[in-house]
Amino acid sequence: MTIKIEPLRNAKSASAAIAALSVDRLLEQSLQHQLVRQIRQFILSGRLHQGARMPSTRGLAQELGVSRITVALAYDQLASEGYMEARRGSGMYVCSTLPDDVLKVTKEDRSRKRLRPFLASDEGVEPRFEPRAHRPFQVGALDPELFPHATWSRLLARAWRNPVPALTGAPDSFGWRPLRNAIARHLAEWRDIDCDSAQIVVTSGTADALDIIGRCVFARGDTVLVEDPGYAPMRFGLEKNGIGVLPVRVDDEGFDLDAVGPRLKAKGAVLTPSRQFPLGATLTLTRRLKLLDWVARTGGYLIEDDFDSEYRYRGAPLPALMSLDRHERVIYLGSFSKILSPTLRIGFMVLPALFLDEVRAYLRLRGVAASLVAQPALAEFMLSGDLAVHIRRTRRLYAQRQEALVSSASVLDGLLEIVPSTAGMHLVADLVPRLRKQMTDRAATRLAAEAGVVVRPLADFFAGQPDRSALLLGFAGFGEDELRRSVRVLAETLRRGS
């Protein structure tokens, strides 16, 4: 018996379903299998109706960034199973009739299957959340071999083998006081910031800090300037708290307040002055002073995200924007994710004295997000000088790794233009004009992923329409030989695809 399906009334619904197709190259399943499974489910759920025309194998392959053979094999399998049919001279279509038994998957069945827990006894089944090793040139990846495992485990055990009463009692909502003391000393030595530990709040990261800022510094409906291109989670964190964001294009000198216009009444700005993310520009002294004058006149605030300032390979780290502030109009955000490990989930913020009581009251109501477990060990690690030793060691290695990447980049001539940087943990590689005519940076990213190389397209960081096509190449987390091999793979892949 066969069941007749209602005719397709709106071709746009088919286009929407096709647009929802995606592939994940980190899964064990083949790309062909992923396509077959998704298209089959779209047909069964009614998202693809009777007579819906499928895109050509070439068009869908280009859209997904996979080979045309992969799509052709997926179509062939679906046709053999009775879900699709070829029409001479016209292409592939969803079948007008489907076998009765394939429609017996009810919503209840699908829900029960979705909620089934992963069991340890399920041999050969890998959960999707299983962590995977980083691959070049993953931005933000750190080399786990560089983490000071022996020292860290000793400090952690010492703190909790016989903990002091303060560790087992009600925690200070601003964080472990010895850690805040250590952070204040670190900021004075490395960033030229003169602050009291009472101004420091230990957070669980940027999202936690933005939640506090969104509730205690800005008000719902306020407008805040952000960098474009910039860190998308920063924009999301502000908008989640009802704060409007206005993207401002950055140039070779960083954030440009003059580009905003005199009539805008913004309440502040979020920026990365030491090393703009993702482009890497350093905010000039003239623009820093102009921003500080602006917030002093308007009563606004600058949020300084100082995410990787310790990694400067020529000269000392630049003084922080906060070190120039004489009116307490800068809020400083720092993190240990780039220095030690993102799994620590420990960051911090330095607040003007005006907000301390309000932030403490808010944290009493909301609760503390930053775990206390690692804070005593981190305090000892900093106060002993081990953190400074670790930074100097990794900074030397990262400089060598960047050099290995740049020195091997000659094979990318005619494809990408890579400029060395005096700081940071990634480089920006612009697509040359000839390559830009043939593919976008997102298309280049998909090609690289198929070859096992992970890059980020610059387009992902724009709030508006991208005006520059480039790839971000992280180098800090990978050995020199691995970087050289990956450069060759990337070059071969882009040449074949161009």
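Is the crossing of α2 and α4 left-handed or right-handed? In this predicted model, the crossing of these two helices is right-handed.

**Figure 1. Helix α2 (residues 31-45) crosses helix α4 (residues 68-80).** Two packed helices are described by the angle between their axes and the distance between the axes. Here the axes of α2 and α4 come within 9 Å, with a crossing angle of roughly 45°. Angles between 35 and 65 degrees count as oblique, so α2 and α4 are oblique to each other.

**Figure 2. A closer look at the residues where α2 meets α4.** From α2, have a look at Leu31, Gln32, Leu35, Val36, Ile39 and Arg40. Their partners in α4 are Thr70, Val71, Leu73, Ala74, Tyr75, Gln77 and Leu78. Sorted by class, this contact of α2 with α4 holds nine nonpolar, three polar and one charged residues.

**Figure 3. Strands β6 (residues 223-228) and β7 (residues 244-251) run parallel.** Six bridges join β6 to β7. To find your place along the pair, look for Asp228, which stands opposite Arg249 in β7. Bring helix α10 (residues 232-240) into view as well: β6, α10 and β7 make a right-handed β-α-β unit.

**Figure 4. Strand β7 also pairs with strand β8 (residues 254-255), in the antiparallel sense.** Two bridges hold the pairing of β7 and β8, and Asp251 stands opposite Gly254 in β8.

Key. Residues are numbered from 1 along each chain as its sequence is written. This is a predicted model: local features need pLDDT of at least 70, side-chain atom pairs count only at pLDDT 80 or more; totals for chains, interfaces and linings use all residues. Side-chain values use heavy atoms; hydrogens and water are left out. Axes are lines fitted to C-alpha atoms, for helices over the stretch in contact, and angles run from 0 to 180 degrees between N-to-C directions. Helices (H or I, at least four residues) and strands (E, at least two) are DSSP runs, numbered from the N terminus. Angles under 35 degrees count as roughly parallel, over 145 as roughly antiparallel, 65 to 115 as roughly perpendicular and the rest as oblique. A crossing is left-handed if the near helix is turned anticlockwise from the far one by less than a right angle, and right-handed if clockwise. Contact means heavy atoms within 4.5 Å. Ala, Val, Leu, Ile, Met, Phe, Trp, Tyr, Cys and Pro count as nonpolar, Asp, Glu, Lys and Arg as charged, and the others, Gly among them, as polar. Two strands pair if DSSP finds at least two bridges between them. A crossover is right-handed if, with the strands pointing away from the viewer, the path from the first strand over the helix to the second runs clockwise.
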